[in-house]
Structures are given as C-alpha cells and as structure tokens.
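These are my notebook entries on a single structure. I record what I looked up, topic by topic.

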Amino acid sequence: MNPTVIGEALVDVLASGITPAQEFVGGSPLNVAVSLARLGYPGTLISRWGADDKGAKIEDYLKDNNVKYLGGADDEATVIAHGILDPAGGAAFAFNAFWQMPTIGPELPQDVELVHTGSIATLFSPEELLPLLSAARTHATISYDPNLRPSLVTNHAQTVAEVERFVGQADVVRVSGIDLKWMYPMRSVHESARAWLDMGPAIVVSTAGSRGSWGVVRAGDAEFIAPSVEVTDTVGAGDTFTAALLCWLAEHDMIGAANREKLGQLQISELSLALEFAAKAAAVTVQRAGANPPRREEL
C-alpha cells in the first residue's frame, strides 16, 4: 500500500492541573500518516507549517518516522493547538488555526493506493480537496475522518453539508460518536452511521473512547469493547485507530480501487477483527503522553 495523507500538521501544547505544559507534534492527518508508517506503511503527507522553530520540529518528526511530505514551510506561522487535559485524559483544544492547501497539481500519482484526509483541512479547503479525491478514486481507496473542531465552525448546517460531500467520496469513514451527535443531535449515533453508509462508503466506524467502537458494513454491524488500560491521555487515539483499521484492510487485500468491490463485501466477522486490531493499537497510544502511536512490533 502506498498511502497519501492530506491535512494539517501542527504542534499540540498540552497542560493539566498537575503537570507543566508539554509540546508534541500533532494534527489529526499527520498522526494518521505517522501511525501508518510505524505500522509498516510509510507514505506521503501533504501539508503546511510555518518557517519557524515549531515547523522545523514537525519536519524532523516526519523524517524520523519515515514520512515524506509535499508542501512544507510557508510564510504563515505553524498552527498551535492548546489542549487542556481533563482527569480522564481527554483534551479540549483551542486553535490559532490556519490552513492553505499546498500546490501539488490537479491529480495525485497513479501509484497511490490510499488517500486519507480530514479535520481542519477539509473544513478550510473543501473545493480544492473534493475534486482531488474524486480523481483519486480511479486508483485509490478514499478514507475520511471529519475530526470536527466546533470552535472553528461558523455555520452548522453548511458544515454538515460539506462533511456529507466528503462522506460521499469516501470508501472508509472513521468518526467519533461525539462528532456524529454534534452534527445530528436528534438521532442516535448508530442511525447516523447507517445513514452515512447509504451515501456510498463501504464501511463506517464510530468510536467512543473507553466505550469501544461500532462499525457498519453492507453485511451488518459489529461492536468491539475497548481493552481496559491505564490512560495517560487520549490525544491521537482516534487517529491511531484509523491508521490501524486501514492497515488491517490493506493486509487483507481491500485497499486500492481494484479492491473496491471486495471492500464492499466486507463480512461482519472481518469487521470484528478489524475493529479489534484498531482498538488494540489505540490502546497503546492512550497509555503514552501526546500522539505517540505504536510501532508494529508493539502489537
């Protein structure tokens, strides 16, 4: 599998009431790219950051994790996400958000078999990203995680409509239950996920932290209860889950446009195994500070 991930790279500054603030390289798409690389699938991140100390930190981190990148430093400052950790290890973030789609040409290379995107990049650049994903469907599986940041949303209805446009282009969707409830407060998470499946994806998975994950495919649905572990923080856990889910699909020959029909025929037993693998990977991440996904040998 030759993955390309499109979206923000930033620096998380995490603080709690008992420890000094710590800095970690992050950003949901970057975390997915690094997680994929550590699980054995190094690829390319299309992103931007500032020509500053924090931007240099991002570049070093990507190189250390064998992730190539397109775009890189520009004239705007690197985005900083200030996170406050609660007693359960969850984080509430405030952003000085800036995103501009790097110039990469009208299409991605034909040898790219997986394209993942989501979060701030899809909120800020839908008109640049959607045609790129549409063109990439001829050779690649499309993966999407909305990873919404409500503090950056100015129009709820417009945001929901744009998210649904991305869902319509995707083969694999991973979404937090919190995001689904924010978008569709009048119906259950399961109802919303099933509605998204009808929009075109082969698989929609909703995650709920320590309560586990639930997924739906054409053949039916499955649930996996998260393993009980000691949580340091939950930063990057969902991104690790997404990458591990994609890794499992790749290793069962379900990634790439040529395998789209096979992905669409995913069985409930297979879905259960994929959820279990993804949950075990995420369980490693939550035991460590910041978005620090596992390497393959740790699983």
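**Basis.** I worked on a predicted model, in which local features need pLDDT of at least 70, side-chain atom pairs count only at pLDDT 80 or more, and totals for chains, interfaces and linings use all residues. Residues are numbered from 1 along each chain as its sequence is written, and side-chain values use heavy atoms, with hydrogens and water left out.

**Entry 1: Asp 239.** I located Asp 239 in helix H8, residues 237-251 (helices are DSSP runs of H or I with at least four residues, strands are E runs with at least two, and both are numbered from the N terminus). Is Asp 239 buried or exposed? I found Asp 239 buried, yet without a salt bridge (buried is under 20% relative accessible area, exposed over 50%, partly exposed in between, with a 1.4 Å probe and protein chains only; a salt bridge is a side-chain nitrogen of Lys or Arg within 4 Å of a carboxyl oxygen of Asp or Glu). The nearest side chain of opposite charge is that of Arg 174, 4.4 Å away (Lys and Arg count as positive, Asp and Glu as negative; His and the chain ends are not counted). I then listed the contacts of Asp 239, leaving out residues up to four places away in sequence: Ser 28, Asn 31, Val 32, Ser 35, Asp 145 and Arg 174 (contact means heavy atoms within 4.5 Å).

**Entry 2: E12 and E13.** I noted that strands E12 (residues 213-217) and E13 (residues 220-224) run antiparallel and are joined by five bridges (two strands pair if DSSP finds at least two bridges between them). Trp 214 has Glu 223 in E13 as its bridge partner.

**Entry 3: Aromatic rings.** I counted three aromatic pairs (rings of Phe, Tyr and Trp, the last by its six-membered ring, pair with centres within 6.5 Å; planes under 30 degrees apart are stacked, over 60 edge-to-face, the rest tilted). One of them, Trp 49 with Tyr 69, is edge-to-face at 5.0 Å centre to centre and 70° between the planes. Trp 49 belongs to strand E4 (residues 44-50) and Tyr 69 to strand E5 (residues 68-74), so this pair ties together parts 20 residues apart in sequence. Trp 49 is buried at a relative accessible area of 0%, whereas Tyr 69 is partly exposed at 27%. For Tyr 144 and Phe 166, the ring centres are 5.3 Å apart and the planes at 25°, so I recorded the pair as stacked.
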